[in-house]
Amino acid sequence: MSHRIIQRARRFLLYAKIAIRSPQPYQRLRDLIIGNLLFALPIPVRKRIFNGQPHFCPVCETPLRGFLVLHRPYHRWCPVCRSLPRHRLLYLFLNRYGFIISKTAQTVLHFAPELGIARRLMQLPHFRYITTDIEPSSIHVCSDIEHLSFPNDAFTLILCLHVLEHIPDDLRAMRELYRVLKPGGTAIVMVPITSPATVEDPTITDPVLRERLFGQHDHVRRYGQDVVLRLGAAGFVVERIGVNDIVTDPTEITLMGLPEKETIFVCRKIV
Ligand SMILES: [Zn+2]
């Protein structure tokens, strides 16, 4: 427990340092403090405060008065389960593309999972759900995505959301995803697409400079849609799924606080 408190305190100090050196220091610091105070409240309390209309979070299935915009304009947090737009989109995708409804047994590996979506997925009886991250916290297995400790063909479904932009050798990581995926299985990959073509510079290590150039203090590159070529080079057959392929009605984007532009790269291992 004390280890977790020290870890949180260190993370808070790092974020505060980056906020102070950002172009909007007061707003970033205010959001950091509000976010930490709010999410320290128990879930039932947050549910009581924010329950209402006209929004709905598909992850925690809570009707909401609104989503919280904290840290960045496109970060619309569910105040109850803490999901972000991409997590709500992922959940809808899994639901509407049969991964949840079919009840087919899935062995699932989820990288660096966020609490809200992880809590929901681990409740699914047909999901044998394993989480992994390089940093020990509440995850099941501590593992480096460039050198995974799992055997070949171990998983039928891999979830890797906004992880690869943090990884120095992303092609090696993609090859590891391919190795541990069972033939016929699916890896769901999402990365922020913020550039016409992928740009990276491994010599840039300063967190403030990385934030300025790559969009976040711990990103090592900006991806373009050409990430699909890297995934293909790792062995995957890749299908791009957009937001409009998932929603049944455009009003769902506002209703559920979904991203307006986001690509889900559905990567299949076909041998
Ligand atoms: Zn929620």
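The expected span of a helix is taken as 1.5 Å times one less than its number of residues, where helices (H or I, at least four residues) and strands (E, at least two) are DSSP runs numbered from the N terminus. The model is predicted, so that local features need pLDDT of at least 70 and side-chain atom pairs count only at pLDDT 80 or more, while totals for chains, interfaces and linings use all residues. Residues are numbered from 1 along each chain as its sequence is written.

**View A. Span of helix α4, residues 85–96.** With 12 residues, α4 should span 16 Å, and its end C-alpha atoms are 16 Å apart, which agrees. Just after α4, Gly98 takes a positive phi of about 90°.

View B. Nine of the 12 residues of α4 are buried (20 or more other C-beta atoms within 10 Å of the residue's own, with C-beta atoms placed from the backbone), so the helix is largely enclosed by the rest of the structure. Among the buried residues are Pro85, His87, Leu90 and Tyr91.

View C. Strands pair if DSSP finds at least two bridges between them; β5 runs parallel to β6 (residues 127–133), joined by six bridges, and His110 stands opposite Thr131 in β6. With β8, β5 pairs in the parallel sense over three bridges, and Val108 stands opposite Leu157 in β8.
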